[in-house]
Amino acid sequence: MSMFSGITISASGLTAERARTDVIAQNLANANTPGYQRQVTVLASRPLAFSDALGQAGGGVTVAGVTGDGAPQRLVYDPGNPQANAQGYVSMPNVNPVTEMTDLITSSRSYEANATALNTSKTMFQRTWDVLR
Amino acid sequence: MLFDVTQQSLELGLQGSSLRQQALAQNMANINTPGYQRVDVDFHSQLRQALERTPSGQIAQPNFAPAHPGSDTAVRVDGNTVDIDQESSMMAENALEYQGYTSLLGLRRRMLLDTMKLNG
């Protein structure tokens with residue numbers, strides 16, 4: 001790969017964190033939608049291996065998938081609700097706004113960290129051009 | 001002076017710190033990946049070993065490979081060993097080092113140009 005792979009790696013981090021933020025926003029938006037299953041983002045790292053001193057293969061992080069978290073839904077007794085079952089219970093999503101907000105903060109901070117890393121790589125490459133001045 | 005050991009060391013230093021920057025960026029990108037083991041490039045000791053093997057003239061190209069050195073700080077519950085504070089300080093340190101190498105290379109280049117002008 002090119003000498004700019006530091007930038008590519010940080011860009012993959014930015015993409016992954018943005019995807020995570022999207023999923024969190026989706027969970028929060030559906031916090032009161034009956035039948036909705038909370039979604040989680042599965043992140044996987046791509047191995048970093050320098051094939052030779054200047055070449056490099058892979059690196060960074062990818063979104064391996066977005067899946068339901070598998071936790072049971074919350075049954076709320078609301079017989080007047082048109083979505084209630086025969087016993088008068090509505091299955092509400094297992095979304096906890098506090099969990100989502102903390103995840104959102106983590107994701108946002110990680111995004112910032114990747115942006116800073118990208119900036120550092122960019123400054124380093126700019127310094128290389130300065131040698132020729 | 002043009003291609004002496006100092007020049008070669010500076011070039012290898014640039015190479016090494018550039019690869020280290022990639023490793024640190026990789027760690028930051030995987031700050032939320034469960035089970036991720038941090039990587040680092042210990043180019044200093046590899047460069048020193050290469051210099052020790054070199055009596056004079058050409059330095060043998062050291063093998064700057066990423067390794068999993070582990071973390072000094074506690075491992076998180078999800079098995080991730082990245083500590084964001086450690087990584088950012090290492091990245092700042094590495095960028096300064098890179099800046100030092102480029103400054104020295106630029107200086108040597110200008111010295112060479114000045115010497116050439118003496119004859120012109």
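Me: What does B:Thr73 touch, once residues up to four places away in sequence are not counted?
Reply: In this predicted model, B:Thr73 touches B:Asp83 and B:Gln86. B:Thr73 itself is found in the loop between α2 and α3 of chain B, and its C-alpha atom is 33 Å from that of B:Gln61, a residue 12 positions away in sequence.

Me: Is B:Thr73 buried or exposed, and what makes it so?
Reply: B:Thr73 has 11 other C-beta atoms within 10 Å. The exposed class takes in residues with 12 or fewer, and therefore B:Thr73 counts as exposed.

Me: Is A:Thr8 buried or exposed, and what count decides the matter?
Reply: A:Thr8, which is found in helix α1 (residues 5-29) of chain A, has 20 C-beta neighbours inside 10 Å. A residue is buried at 20 or more, so A:Thr8 counts as buried. The C-alpha atom of A:Thr8 is also separated by 8.3 Å from that of A:Leu118, although the two residues are 110 apart along the chain.

Me: Why is A:Asn114 called buried?
Reply: A:Asn114, whose place is in helix α2 of chain A, has 26 C-beta neighbours inside 10 Å.

Me: Which residues are in contact with A:Asn114, leaving aside its neighbours within four places in sequence?
Reply: From chain A the partners are A:Ser10, A:Gly13, A:Leu14 and A:Glu17, and from chain B they are B:Met28 and B:Ala29. Along the chain, A:Asn114 is 11 residues from A:Asp103, and their C-alpha atoms are separated by 16 Å.

Me: Why are α1(A) and α2(A) described as roughly antiparallel?
Reply: Helix α1(A) packs against helix α2 (residues 97-130) of chain A at an angle of about 165°, with the axes 9 Å apart. Angles over 145 degrees count as roughly antiparallel, and the two helices are therefore roughly antiparallel to each other. The crossing of α1(A) past α2(A) is left-handed, and the residues of this contact divide into 11 nonpolar, 10 polar and six charged.

Me: Why do α1(B) and α2(B) receive the description roughly antiparallel?
Reply: The angle between α1(B) and helix α2 (residues 43-52) of chain B is about 155°, and their axes are 10 Å apart. With the limit for this class set at over 145 degrees, α1(B) and α2(B) are therefore roughly antiparallel. Their crossing is right-handed. On the α1(B) side the contact is made by B:Ser9, B:Leu12, B:Gly13, B:Gly16, B:Ser17, B:Leu19 and B:Arg20, and on the α2(B) side by B:Phe43, B:Leu47 and B:Leu51. These residues divide into five nonpolar, four polar and one charged.

Me: What makes α1(A) roughly parallel to α1(B)?
Reply: The axes of α1(A) and α1(B) cross at roughly 0° and come within 8 Å. Angles under 35 degrees count as roughly parallel, so α1(A) is roughly parallel to α1(B). Of the residues in this contact, four are nonpolar, eight are polar and none is charged. In α1(A), A:Ser5, A:Gly6, A:Ile9, A:Ser10, A:Ser12 and A:Gly13 meet B:Gln21, B:Gln22, B:Ala25, B:Gln26, B:Met28 and B:Ala29 in α1(B).

Me: How many residues of chain B are in contact with chain A?
Reply: There are 30 residues of chain B in contact with 33 residues of chain A. Helices α1 (5-29) and α3 (84-119) of chain B each supply at least two residues of the side that touches chain A. The residues on that side of chain B divide into 16 nonpolar, 13 polar and one charged.

Me: What elements make up chain A, and in which order do they run?
Reply: Chain A has two helices and six strands, and from the N terminus on they run α-β-β-β-β-β-β-α. Of its 133 residues, 26% count as buried. Among contacts in chain A with a separation of 6 or more, 60% are accounted for by residues 24 or more positions apart.

Me: What confidence values does the model carry, and where in chain A does pLDDT stay under 50?
Reply: The model scores ipTM 0.80 and pTM 0.84. Chain A averages a pLDDT of 87, with 89% of the residues scoring at least 70, and chain B has a mean pLDDT of 87, with 94% of its residues reaching 70 or more. In chain A, pLDDT stays under 50 over residues 52-57, for which the model has 14 contacts beyond four places in sequence.

How values were computed
Residues numbered from 1 in each chain as written. Chains lettered and ligands numbered in written order. Predicted model: local features only at pLDDT ≥ 70, side-chain atom pairs only at ≥ 80, totals over all residues. Contact = placed C-beta atoms within 7 Å. Helix = DSSP H or I, 4+ residues; strand = E, 2+ residues; numbered from the N terminus. Nonpolar A, V, L, I, M, F, W, Y, C, P; charged D, E, K, R; others polar. pLDDT = per-residue confidence, 0-100. Axes fitted to C-alpha atoms, helices over the stretch in contact; angles between N-to-C directions. Parallel < 35°, antiparallel > 145°, perpendicular 65-115°, else oblique. Left-handed = near helix turned anticlockwise from the far one by under 90°.
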